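Thank you all for coming; I would like to take you through one model this morning, slowly enough that everyone can follow along on the screen. Please have a look at it first, and then we will go through it piece by piece.

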Amino acid sequence: MPTNLLTLLPEIILTVTGVLVMLAEPMIAPGKSRKPLGWLAILGTLASGLAAFYQLQLVNASGPISGFYATIQVDAFSVFFHLLISSIVLVTLLASLDYFEGPVSHAGEYFALACFGATGMMFMTCSVELLMVFIGLEISSISTYILAGFRKGQATASESSLKYFLLGSFATAFFLYGIALCFGATGSTSIGAIAASLGTTATPALALLAIAMVVIGLGFKVSAAPFHVWTPDVYQGAPAPVVGMMSTAPKAAAFAVLLRFLFNAAPMYRNHWIVLIEILAVLSMTIGNLGALMQRDVKRLLAYSSIAHAGYLLVAFTSIQQDAVAAACFYTAAYAAMNVGAFLVITQLSGYDEQARTIDDFTGMALKRPGLSALLGFFLLSLIGIPFTGGFFGKFYAFSGAIHNGHVVLAIIGLANSGVACFYYLRLLAALYARPVREDATLLSPRKLAIPAGIAIAASAVATLALGIMPNHVLNLVQRATPETLPAFSVAPAVSTLPPAAPTEMTR
Amino acid sequence: MNLDHSILTLILLAPLVGAGVLALIPERAGNKIHAIGALIVTLVTLGLTLHLPWHFNYAAARGSFQFDQNCPWIASPAIRYHLGVDGLSMWLVVLAGFLAPIGVLASWNAVKERTKLFYTLFLLQQVAMLGIFLALDLFLYYGFWELSLVPMTLLIATFGRTENRRKAAIKFFLYAFIPSAILLVAMLWLYARTGTFDLPTLQALAAQHAISTNHTALWLCSLAFLAAFAVKVPIFPLHGWLSDAVQEAPTAAVMVLAGKLGLYSILRFSFGIFPEQSRHIAPWLIALGAIGIAYGALLALIQTDLKKLAAFSTLSHVSFIVLGIFTFTTMGIDGGVYQILNESLVGAALFVLLGLLYERYGTYDIRDYGGLATKHPWMVTMFVITTLAAVGLPMLNGFVGEFLILSGAMQSVFSYHIFWTVVGTTGVIFGAAYMLWMIQRIFYGKLGLRSEEVKGWDLCAREHVELWPLAILFLVMGLASPVWMQAIDSYGAAAANRPVAVEAVNIEPASSEPHNNLTLPCAQKTPCNQAGAFVDPSLAAAAVNKPAPPVNKGAQY
């Protein structure tokens, strides 16, 4: 197989799947079930996951593969995120097979968009050229904008979609501006070349500005405070399974880009950007947790919680590179498992028409749906960070890295914050197990759990538990991912491949 | 097959597997299958825990762990599955095993609906508690410590008595969780310094002052440990959650709510890893303990709600133990550990009895009762025995513990002033006052409002089975305390003079003037490396094989 093709194999499979779903959609008579399309998309996602696994074997055997004029690089780091994203999308697709069943179904589009979105996210994680990253970002963003508004005919859905679109475009503009400034400062948009010439740039101020812009742009995407304002509204309006996906997969991709950019392209400015990251982390944790305290709507509550989790994840960035990448990757995986799981259970509990929205609606749910409630409880405990769950080790690695590197205050702020956080998680958890406020609150006749959705929820629960009991396996993978993200710069950052003269002339 | 190498894992597995099996059995109304299952599981666990005192090696070196199980679990960070017991934890494990069947029996009729959830959570709580007592890896311990919060919170939130239950549950969780988060930071800092979570290793390092040279950091770290444990005990100003939680929690949960977990953790981890800091802070804790004794007793005196009364009496009793262990005398620590056992047993009996009253009369308001002695002769007998054990009547178990604690406090070089011991002693008087007054108001006098109109019945067979073992233990533990002391003393003696082993060499030149060491209590300001200065001089002398200087330990006042 040609190398170029090989480097983008998972993305290509997903794109083809998406196109096939789009083509097949009109062939199914209106009013008929769209489930076969869903199964097609699921098979495609599974195949792309397997392709990523195949890439991993190749990388294990012979080191990183690069293609398309060294703009794409497949290494353990990118493969890790490919696997993660494809599993998130797979689980989401499984759970939403029955979600969009109805007289007016747009399920075909939904399945295709999910595939395209995943393609964009994967593309972001394996590009080592900022413009390619930007293209990936756009592909994934546009798909998620549409997915956010998928509960058609509802005001909140339109609000959600539009808000996401407007603020998201804003963010991509920032990101693009950052790339442009970066090019101005270094004469290149390739990560390797940027790293090589940042040290000798004549305009460090411009470079700093560029880094700040990129961080802001990605900060929007990961919903780190103070760029978080869109999150609660968007999550509230979007369909629950979509929220599960878009609160994890695009974030994972954005974090991957941030890791690559900060640690590979800009390691020289570490002392500068680390301040920026610290501020973002503290703000995100504090605002996220305090904001969540006041929420009554479960989805808004989890939206604020996801802001807080972005903050915890940013704490991991303050470690030295090796620890930071490992901790951040692990946290992303753990967060994905528990958050997707929580949203999938909420999808089931609140009913596909999302009748149960507030904490009061969930009160006494354990009496009606004991199994699902217990699972939601488990995911909530993991989000709190109780030991023997993935969430615990995520926090553990992030904070122990920070403490190792002398950021004890940051760790204390973070852990005090997770103390605050348990208040609102517990409110939901206690509500699940309390007696119903109103006895007549028979929201819906307990709907039978569809088998695919059951499999999806079980998979998330097993993943969360496995990450909490045997974190070593994933940790080994992410630790191996570390050195390859920075091929040469840790050793010799000086060799410049591009003449840094161009920007200097411009500044004259 | 030799059980010694796997017994601790079996002890942990039995309730865990039991909880799993119970969770899978479907629930039907009026079905007792979950209660029966839980009873079997807890009895099996009790049987397994009894293996420990049977095969415990009393002649083993002090401070060594037995029934050791140590295998790697997670490579990075280095976390090991390390279990073991010593003189401190052995009887506590048996205690936890012993209280569980009583808890199940106490819930037999009290919990009517959602029995599956109840007994599953109850057994999980049991796993967490046993895990706390058994774990010797700091990290593993932390896991069980956090895990112990979850079933308890859910038990309170689900099976609470009044509408206040959710608030009480969340209050309980937050009170315990926030300091635990800080505890985690402290543990991670320790790990960053030493690269190990293994308790024996950390203890050895602490004894050589090899953890860190940064005294401020060590201090903060020890405070983080102490604060997390103090909340769980609870020690005086941190007791805000106790009365709410006690009021709401069902009897079986209330029995294990306060006291032993926090106190054990202080003894094991605060004293083990921060021997110097613990000694420096001891005067303060002695003061807080004494205040807690008097404060809890005074509050208990004015309560009209039986559960609240019991809650504040618990506060008073655990403060007694705090006072005892922070004296850092062999007597005080021995008495403290013994009193942990007593307090748990007496508290369990008291809460079971209160639960029985509630089952019959549906109220905890003391004013509704009165004159029950004629109606329930057996119940009043049990109540009186429990009360007498609680107030420390000689020949019953409470006396042994209280006597040792107060003698320890008299001897201690750490108690700031004899005033605190005196304050502590008043607790004994107040304790007798509120307990006996409670008995008088419930059982004697005229028939109360509620006790007149409701029929009620005396103890049934199941209730006899719950209470008799406790009553017999009160007596046996009062008469034959050496059976328990033998193991406890092996810990107490080691803990009381742990730094001596290291410091003995250092103070040898100065041992001709050990009295200087007694010019105390500028405790907090003294540099940490003078740990030897805080060692009981007679013990220090014993450690360097010299006859003890004739110091009258009480005379300094």
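Before anything else, a word on naming: helices here are DSSP runs of at least four residues, and they are numbered from the N terminus. Please also keep in mind that what you see is a predicted model.

With that numbering we can find B:Pro234, which sits in the loop between helix 10 (215-232) and helix 11 (240-248) of chain B. The peptide bond that joins B:Val233 and B:Pro234 is cis, with an omega of about -10°. In chain A there is a cis peptide bond between A:Ala225 and A:Pro226, where omega is about 5°, and A:Pro226 belongs to the loop between helix 9 (204-221) and helix 10 (230-237) of chain A.

Let me now step back to chain B as a whole, which has 24 helices and 2 strands. Of its 557 residues, 60% count as buried. If we take the contacts in chain B with a separation of 6 or more, 80% of them come from residues 24 or more positions apart.

How do two of these helices, helix 4 and helix 13 of chain B, pack? Helix 4 (residues 87-107) and helix 13 (residues 260-273) of chain B meet at an angle of about 165°, and their axes are 11 Å apart. Since angles over 145 degrees count as roughly antiparallel, helix 4 and helix 13 of chain B are therefore described as roughly antiparallel to each other. On the side of helix 4, B:Leu88, B:Ser89 and B:Leu92 take part, and they meet B:Lys260, B:Tyr264, B:Leu267 and B:Arg268 in helix 13 of chain B. Sorted by class, this contact between helix 4 and helix 13 of chain B has 4 nonpolar, 1 polar and 2 charged residues.

Next comes the place where the chains touch, to which chain B brings 28 residues and chain A brings 25 residues. On the side of chain B, helix 8 gives the most, with 15 residues. By class, that side of chain B has 22 nonpolar, 4 polar and 2 charged residues.

Finally, I would point you to A:Phe68, which has a positive phi of about 50° although it is not a glycine. A:Phe68 lies in the loop between strand 1 (65-67) and strand 2 (72-74) of chain A, and it is partly exposed, with 14 other C-beta atoms within 10 Å.

Terms used. Residues numbered from 1 in each chain as written. Chains lettered and ligands numbered in written order. Predicted model: local features only at pLDDT ≥ 70, side-chain atom pairs only at ≥ 80, totals over all residues. Axes fitted to C-alpha atoms, helices over the stretch in contact; angles between N-to-C directions. Parallel < 35°, antiparallel > 145°, perpendicular 65-115°, else oblique. Contact = placed C-beta atoms within 7 Å. Nonpolar A, V, L, I, M, F, W, Y, C, P; charged D, E, K, R; others polar. Buried ≥ 20, exposed ≤ 12 C-beta atoms within 10 Å, placed from the backbone.
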